[in-house]
Amino acid sequence: MSPLAFESENVDSIVRVRLDGELDLSSAPEFERFLVGLEKESDAPIEIDLRRLAFMDSTGLRLILSADARAKDRGGRLRLIQGPAAVQRVFRIAGLEERLEFSSPGLDEGA
Amino acid sequence: MTSPDGDAARYEALYRRLDAVTDSALMLLSVDEMFEEILGRMRTVMGAASATVLLLDEAQGVLLPRTSSELAAERDAAIAIPIGRGVAGRVAESGKSEIVPDLRAEPASVNPTSDGRLRSLAVTPLVSGGAVIGVLLVGAEEPNGFGDADLQLAKVVADRLTAALERTMLFEREHMQRVRAERALARTRTLQGIAEQLGSARTEEEVHQALLAAAADSVGAVAGVVALQDGQSLRIVAALGYAKDPLTGWESFPVETAIPLAEAFRTGSPVWGRSRAELLARYPIVADDPTQNPNEAFVAVPMLAGTSAAGALALRFREVRAFDEDELELIVAIARQSAIALERAHLLRTEDEASARARRLLESNVIGSIVEGPDDGILEANDAFLEMVGYSRQELEAGKLRWRAMTPAEQQHLSDAAFEELLATGRAAPFEKDYIHKDGYRVPVLLGLALLQSQPLRAIGFVLDLSERRAAEQERERLLELERRARTAAEHARERAESATARLQVLSEAGPKLSSSLDVGEIAAQLAGVAVAGLADYAIVWLLGTDGRVQRTTAAHRDSTLRDMVERMAASGRPDVNDDGNLVAQALRSGRTIVASSIDATITDQVASEPEQRRIMDRLGHRSAMFVPLTHRGKAIGVLGLVRSDRAAVFDDADRDLAEQLAGRAAQALENARLYAERAIVADTLQRSLLPPTLPDVRGVELSARYRPSGDGTQVGGDFYDVFPIGNDDWGIALGDVCGKGAPAAAVMALSRYTIRTAALSETRPSAILATLNEALLRHEADDRFCTAVFARLHSTAAGQRLTVACGGHPLPLLVSADGSVSNLGKPGTLLGTFPDPELTDVFADLDPGDAVIFFTDGLTDERSAGREFGDERLGEIVLGAAGRTADEIADRLLDAVLGFRAGEPRDDIAILVVRVEP
């Protein structure tokens, strides 16, 4: 298995990207390329589902901050579905839990 | 925005991992094991659903799945893909790699992966010597699963698989050759042993018994019989391993009997079977075999003398077994030899009975007989004799047959001696001589004489034509000679195979040895060591420095007690690279191997530049030498010198090939080591310039720091720490982590460290100092890198120690109280370099004697091993035991714990800084 698997689908008018695995120095570049590709394809807001992400390091953090910055440039925000505790801890230590647009798991899932 | 740097880094990492995999896998001698290993890892690395190798079967013109990482069922289904058909067939035909974005768009795919599960493929040919030998096929379950980079990676793997395959095939071929040579040798030995035994057997019974024993012994049979033709029957003349009684009733049987022995005799070909069940099925009559021996496999061969069979030999085996061609040939050869021996025994028997049968034979024509008179006249002769020597009865009657004239000059004395014996005793014992045929050639005969009357002399002679026996003996000699030659050839073949195997062994052992180190000195020592293990009596490696002169020498001797002497010689004078007469210099400058097949005084002069060297060389002994340049990308970086002392053989072409291959591998390893050392030196220098060389002395406080960059030390890490004075009683303590590695991270790190130092001069609050750093990072537009950092101000007076801490997106420091309690110090804040308004809060704590504060980066807590994180909890457990220990002890315990948690190098940089108030 690759350290990180990702896939996207269009749900309502947003692009949801599901991550599965580990987002770190070795997997971030490929995912970033994928993400930038999605941004070029459409103007729809992007939502990253972190629920199946097992690990994230500062490279992953940087990637998400960059994506959020690009979303802001386009007048929106990057949406994130909260990951497991180990992942949320990284956001918390970096002081980002309040600065990024997190939604709790479950809110969007019933739809 | 794509990140080509990131791509490069990722693929560099992939190649490194593949390197490690293929290097270790290449040592596996089984092609299948090796393929499975490499394909499995490749699938993991590429994130593919399957990876399969199909090899070309040239005879059938199809591709056959050889190894698959997953598709065992497909492999076992023995699918054959014709060249040109399907994706794999197309690639095999064109020799060009391709990506199939969607398999469903492929017409009539006949790939082994056509079960519909795979949607896209990356396919690349395995090319050896310009010809396609197979296809590597990587599959994904989704469409568009692969890009150009993946194809590139597949090509690299395909090249390595091909190289490994070539190597392994070579090994297998060598191995088969050796097995064949050994079998041939064993067979020759058996035949020779049998020839000796049969040669000493004088009677037919002895021949039969010797034959049986030898045949049974050579193939491990437990019982056997020999039968000879007797009219329309076969008569058993010898048996082995049977009780005598049970053979009763089988002493003689018609040649038409349906048993293996008779069938082998009738057909002139071997007959065999694996088991008793098979025997009974094919020869039901055997069920009546009264012996009922517990036998299984059986074999029967004809005893061929010329083209017709004189009899047959049958063997029985206790176990169920098959017979290979070699064994059958051996048994046939044994039987053939015994037929020759039988003939000889038959002749000998005839000879022994000759005189007793003389009178009877006189009247018959079976044997030539003559009556000799005085002088040398032959008075009478029967037709057999006349035919033997080519004369007619008319010529006999005309008195033309004179035995002296018919006897070769050098044999006259034999005849004279026989006549003396005849006159003295009345008979002459049979002796061998030649008659000269009327046509001039010699006829070998055995001649016995008996006196009929002495006055006038009348003697009768019995003449046995030995031509056939001579021919048989010559045939036996010829066979023996053939066998001697075969044996010599087999021994040569074995020697060749053994030396080829030894060479492969040297090379395959050298690979991992040479690549096991990134230290130039160690590699040179390994090279010298491998060279004396496989090639030479002693070896010297000369390596050039950056100035192009010999900078380093390493030596080894097969006899380790002489190693010092060789080293002394090597060290006593370095060859001058500009001396045209020096062989080392010649090898360096020409880039070619110089072989000195005999070393005389001139050569010694060309190698030994100092009298001391020559003295040692003379003591070590030298017969031939070879100087092989170590060349990387056309540039000579050193020379491998090999010397064989006078006991050993001169270096030949095979030695030279081996030495050059060894030198090639060593040069590659040395170049890697040099690059590695260069990178490591640069990284180390940079890192040192970014971290404080020593921590300052702070009154009443112990300070201890530990730093471990991740990976192999060739890249600057992103973690930093600093402790510096601010005024008289205050100290600044900083620790941070810049996202990423390498030069860009180092630049941000330097910026952070100096910004903090500068800000601390004007700001007192840690939060303000971090805010200044945040602004500086935001202004540093070249990079969107952020940084997490903790800054603490230590106010240290005789009255006590107060620590004020602010944290910017960084793990909070741990406060370990003297009483053993552990708590976080500070309040979480926002990482720096991203937002204009970071949350940064100052929190202070008064430290009591024995209290320790641990600052660390997330490399400590994020360290992972097999999916588990070292984590905050483990950290907590370790620091619980930290109370009462010194700052150094605490730092060591933490580092040891995390390094022990995961074998090998840490994945992320680790920085630890411990501040402890003296108790």
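Predicted model: local features only at pLDDT ≥ 70, side-chain atom pairs only at ≥ 80, totals over all residues.
**View 1. Packing of helix α1 against helix α2 in chain A.** Helix α1 of chain A covers residues 28–41 and helix α2 of chain A covers residues 58–73, and the two pack with their axes 10 Å apart at an angle of about 15°. Because angles under 35 degrees count as roughly parallel, α1(A) is described as roughly parallel to α2(A). On the α1(A) side, the residues that meet α2(A) are A28(A), F31(A), E32(A), L35(A), V36(A) and E39(A), while α2(A) contributes T59(A), L63(A), S66(A), A67(A) and R70(A) to the contact. Sorted by class, the contact of these two helices has 6 nonpolar, 2 polar and 3 charged residues.

**View 2. An open sheet of 5 strands in chain B, with helix α16 packed on it.** The strands of this sheet follow the order β19-β18-β22-β21-β20 in chain B, and their pairing is antiparallel. Strands β19 (550–557) and β20 (594–596) of chain B form the edges, each pairing on one side only, and from one strand to the next the twist averages 15°. Helix α16 of chain B, residues 563–572, packs on the sheet by touching β18 and β19 of chain B, and its direction makes about 160° with that of β19(B).

**View 3. The pairing of strands β18 and β22 in chain B.** Strand β18 of chain B (residues 538–544) and strand β22 of chain B (residues 635–644) run antiparallel and are joined by 6 bridges.

**View 4. The open sheet of chain B that is edged by β23 and β29.** Here 5 strands of chain B are arranged in the order β23-β34-β31-β28-β29, again as an open sheet with antiparallel pairing. Strands β23 (701–708) and β29 (822–824) of chain B each have a single partner strand, so one side of each is left without a neighbour in the sheet. The twist averages 20° from one strand to the next.

**View 5. The pairing of strands β23 and β34 in chain B.** Strand β23(B) pairs in the antiparallel sense with strand β34 of chain B, residues 910–917, over 8 bridges. Along this pairing, V701(B) stands opposite V917(B) in β34(B).

Technical notes
Residues numbered from 1 in each chain as written. Chains lettered and ligands numbered in written order. Heavy atoms only, no water. Pairing = 2+ DSSP bridges. Helix = DSSP H or I, 4+ residues; strand = E, 2+ residues; numbered from the N terminus. Axes fitted to C-alpha atoms, helices over the stretch in contact; angles between N-to-C directions. Contact = heavy atoms within 4.5 Å. Parallel < 35°, antiparallel > 145°, perpendicular 65-115°, else oblique. Nonpolar A, V, L, I, M, F, W, Y, C, P; charged D, E, K, R; others polar.
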